[in-house]
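Hi,

Here is the structure I said I would pass on to you. Have a look at it first, and then read my notes below.

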There are 2 protein chains.
Amino acid sequence: MRLTRAGEYAVRCVLYLSAKGKGTLIGRKEIAEHCDIPDKFLAKIAQQLARVKLIEISQGARGGYVLKREPRDISLLEVVEAIIGEIALNDCVTSSAVCRASGNCAVNRVWIKVRNQLRDTLAGVSFAELLTEDSCFLAPVSVPLDFRGKPKR
Amino acid sequence: MRLTRAGEYAVRCVLYLSAKGKGTLIGRKEIAEHCDIPDKFLAKIAQQLARVKLIEISQGARGGYVLKREPRDISLLEVVEAIIGEIALNDCVTSSAVCRASGNCAVNRVWIKVRNQLRDTLAGVSFAELLTEDSCFLAPVSVPLDFRGKPKR
DNA sequence: TTTATATAAGACCAATAAGGTCTCATTTGT
DNA sequence: ACAAATGAGACCTTATTGGTCTTATATAAA
Ligand code: FES
Ligand code: FES
């Protein structure tokens, strides 16, 4: 019951890109080094982030990654779910084949509740917010007032 | 990021025992069959439940399991954590060796928050409550008014 | 236009964890 | 004593995670 390494790495990566600002091209190696992510593994993770349009990847010499959205509009949930898929917590929630009475089960209802709670909280934290505080791999960054606050989407 | 099978089985098992009432001895096979849990696997799970004194195991012919506490005093959280250990969600929360700035990290703080939220919600649901509604493997049971409501511990 | 640098895509591999079984010992009712 | 049940832990199988490798492709710069 824990976030995968890939998920944590993705968060770090997006946080690093957020600090540099939307639209800034950063080499993969720089990110890997600063965020302590295995270089090749980051490549794989970045591809997933690109698939959901969070970043854009440019190839060739002087290639790298570019954040495509404003940090204030990116939620923690989005980044996490881009990597590990929609959070479910237990199997009954997704596949109704597991339990006999799925859909009408007191236990299941509790799991759905905590799952929604968890997703809501993660959805309520933007990378702009994270940037205003100290984090691993990153000193806090002063963010213009306009860009603080909760994510829109 | 999901509850293990063992965790789900444990919940079913305790729910079944709750329906029979505290102090009632039930054979392992009966539980395994009704709750659709592999017999031998249930044995292993039961041992973990016994270790935290949720149930008591009696050996020998006509042996089986006995619920040791009132369903209204057993929370979902307790049963789950008896099996999978304390819920953590991400590694930084437990082992500070993973990230560089653990203890003072915005990301980490969010994870701690959602983790506490999740644990609180699960802690707020008793098996007596679960019994009043329909569940997989179990028809709803009428529970005396006195025994409904939130868990004490 | 060649070369060096960088990523893409996916196959591939190693380590860990989950899910479950088996064996042998022990306990207890009859 | 014997049959019926569980205990404890080794053991096995499969799935997931975490990560690397290989070949191909794109681009900047010489
Ligand atoms: S639907 Fe799975 S526990 Fe009830
Ligand atoms: S402490 Fe692990 S992400 Fe910051």
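Start with where helix H3 of chain A touches helix H4 of chain A: on the H3(A) side you'll find Ile45(A), Gln48(A) and Leu49(A), and they meet Val79(A), Ala82(A) and Ile83(A) of H4(A). Sorted by class, that contact has five nonpolar residues, one polar one and no charged ones. Keep in mind that this is a predicted model.

How are these two helices arranged? H3(A) covers residues 39-51 and H4(A) covers residues 76-84; they pack at an angle of about 115°, and their axes are 9 Å apart. That angle makes H3(A) roughly perpendicular to H4(A), and their crossing is right-handed.

Now hop over to chain B, where helix H2 (residues 28-35) packs against helix H3 (residues 39-51) at an angle of about 110°, with 9 Å between the axes. So H2(B) and H3(B) are roughly perpendicular to each other. Their crossing is right-handed. Which residues make the contact? H2(B) brings Arg28(B), Lys29(B), Ile31(B) and Ala32(B), while H3(B) brings Asp39(B), Lys40(B), Leu42(B) and Ala43(B). By class, you get four nonpolar and four charged residues here, and no polar ones.

Next, the pockets. The largest pocket has a volume of about 200 Å³. Residues lining the largest pocket include Arg28(A), Lys29(A), Gln47(A), Ser58(A) and Tyr65(A). Four elements of chain A each supply at least two residues of this lining: helix H2 (28-35), H3, strand E2 (55-58) and strand E3 (64-67). By class, the lining of the largest pocket has five polar, three nonpolar and two charged residues.

The second largest pocket has a volume of about 150 Å³. Ten residues line it, and the closest to its centre are Val125(A), Glu129(A), Leu130(A), Glu133(A) and Val110(B). Two elements give two or more residues to this lining, namely helix H7 (127-131) of chain A and helix H6 (106-123) of chain B. Which element gives the most to the lining of the second largest pocket? That's H6(B), with four residues. By class, the lining of the second largest pocket has five charged, four nonpolar and one polar residues.

Cheers

Notes
Residues numbered from 1 in each chain as written. Chains lettered and ligands numbered in written order. Predicted model: local features only at pLDDT ≥ 70, side-chain atom pairs only at ≥ 80, totals over all residues. Heavy atoms only, no water. Axes fitted to C-alpha atoms, helices over the stretch in contact; angles between N-to-C directions. Parallel < 35°, antiparallel > 145°, perpendicular 65-115°, else oblique. Left-handed = near helix turned anticlockwise from the far one by under 90°. Contact = heavy atoms within 4.5 Å. Nonpolar A, V, L, I, M, F, W, Y, C, P; charged D, E, K, R; others polar. 1 Å grid on protein atoms, 1.4 Å probe; cavity = no way out; pocket = protein on both sides within 12 Å on 5 of 7 lines; lining within 4 Å. Points joined across faces, edges and corners; volume = space filled by probe spheres on them.
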